[in-house]
Amino acid sequence: MSFAASVLTLYPEMFPGALGVSLAGRALEAGTWSLDAIQIRDFAIDKHRTVDDTPAGGGAGMVMRADVLARAVDHASPPGDSRPRLLMSPRGKPLTQTRVRELAAGPGALILCGRFEGVDQRVIDARGLEEVSIGDFILSGGEPAALVLLDAVVRLLPGVMGNAVSGEEESFENGLLEHPHYTRPQEFEGREIPEVLISGNHKKIAAWRREQSERLTKERRPDLLGAQPLVK
Ligand code: SAH
């Protein structure tokens, strides 16, 4: 079973973009996942192929039309399609590694990329779109956010990452930030690799790494310490 992504966008040429190379690109070629970038404009109703209009109530910018988006969603995700329907949106629930894992375990996703001021609320409600944010900042469009989400999901698909263990030890997987890494040379500009890491004592190394993880998390992301760990 492969992960099927359908992306609704005004810029299908942005896909697969960064996901066409390296691990994700190889997995795409191998059929581990599929990507269908669909032009929203093809679902416009008028001869000018309009997808947006001025905001009701006034104000700056344009809003993507509910009727056009609904036609695009219905085409890409007909009744019976069990894939979640996501809308990339700064107002959404922040994306977490837990949600990424859930998505990777499922059949795929429909991803709607907003542009302009965003999309008419009625299509969000009528099509049950799940709003997902990739952080507290504003992008010019949902496409880079969709690429970020898909990158996170695809690397978890079976067979995509060479060394599956490295995935389990990463930041967020155990509710903590990852410990620092070192590699050769032994000395760099007068800085040595921490003694313990070259001791060969695996128990001590594990304890040191755990300590470093806890210290970094406390310093940088104390909010994570209250969060539910995914892997115990
Ligand atoms: N007026 C909106 C921002 C629109 S930005 C507001 O203030 O909330 C245009 C589009 O970019 C959005 O519709 C969304 O699809 C995408 N986007 C912007 N920032 C994002 C973020 N942090 N996460 C996910 N999508 C984002």
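I111 touches A5, V7, L86, M88, A146 and L149, leaving out residues up to four places away in sequence; a contact here is a pair of C-beta atoms, placed from the backbone, within 7 Å. This is a predicted model, in which local features need pLDDT of at least 70, side-chain atom pairs count only at pLDDT 80 or more, and totals for chains, interfaces and linings use all residues. Residues are numbered from 1 along each chain as its sequence is written.

**The nonpolar core**

- I111 is among the residues with the most contacts inside the largest nonpolar core, together with V7, L69, L86, L112, A146 and L149.
- That core has 46 residues; a nonpolar core is a set of buried Ala, Val, Leu, Ile, Met, Phe, Trp, Tyr and Cys residues joined through C-beta atoms within 7 Å.
- The largest share of this core, seven residues, comes from helix α5, which spans residues 142-154.
- A residue is called buried if 20 or more other C-beta atoms lie within 10 Å of its own, exposed if 12 or fewer, and partly exposed in between, with C-beta atoms placed from the backbone.
- Helices (H or I, at least four residues) and strands (E, at least two) are DSSP runs, numbered from the N terminus.

- Strand β6 (residues 108-113) is mostly covered, with six of its six residues buried.
- G108, L110 and L112 point one way from β6, while A109, I111 and C113 point the other way.
- In a regular strand, side chains alternate between the two faces of the sheet.
- Strand β1 (residues 3-9) pairs with β6 in the parallel sense over five bridges; two strands count as paired if DSSP finds at least two bridges between them.
- Within that pairing, A4 has G108 as its bridge partner in β6.
- Strand β5 (residues 85-94) also pairs with β6 in the parallel sense, over four bridges.
- Here L86 stands opposite I111, and R85 stands opposite L110.
- β5 pairs with β7 as well, in the parallel sense over five bridges, and there L86 stands opposite E130.

**Around the ligand and the annotated site**

- Which residues come nearest to the ligand? They are M88, G114, L139, G142 and A145, out of 18 residues around it; a residue is near a molecule or strand if its C-beta atom, placed from the backbone, lies within 6 Å of it.
- The largest share of the shell around the ligand, four residues, comes from β5.
- β5 and α5 each supply at least two residues of that shell.
- An unreviewed UniProt entry gives a "binding site" annotation covering G114, I134, G135, D136, F137, I138 and L139; UniProt positions follow the numbering used here, feature names are shortened, and annotations may be inferred rather than shown by experiment.
- Two residues of this annotation, I134 and F137, are worth a look side by side.
- I134 is in the loop between β7 (130-133) and α5, and F137 is in the loop between β7 and α5 too.
- Is I134 buried or exposed? I134 is buried because 20 other C-beta atoms lie within 10 Å.
- F137, on the other hand, counts as exposed because 7 other C-beta atoms lie within 10 Å.
- Leaving aside neighbours within four places in sequence, I134 is in contact with L95, A145, V148 and L149.

**The whole chain**

- The secondary structure of the protein chain comes to eight helices and nine strands.
- Of its 232 residues, 27% count as buried.
- The C-alpha atoms fill a box of roughly 70 × 40 × 35 Å, taken along the principal axes.
- Among contacts between residues at least 6 apart in sequence, 77% join residues at least 24 apart.
- The domain assignment gives domain 1 (3-154) and domain 2 (169-225), with bounds that come from an automatic or database domain assignment.
- The C-alpha centres of domain 1 and domain 2 lie 37 Å apart.

**Two pairs separated along the chain**

- D67 is found in helix α2 (residues 66-76) and counts as partly exposed, with 13 C-beta neighbours inside 10 Å.
- The C-alpha atoms of D67 and R122, 55 residues apart along the chain, are separated by 9.0 Å.
- G226 is found in the segment after α8 (222-225) and is exposed, with 7 other C-beta atoms within 10 Å.

Methods:
Two residues are in contact if their C-beta atoms, placed from the backbone, lie within 7 Å.
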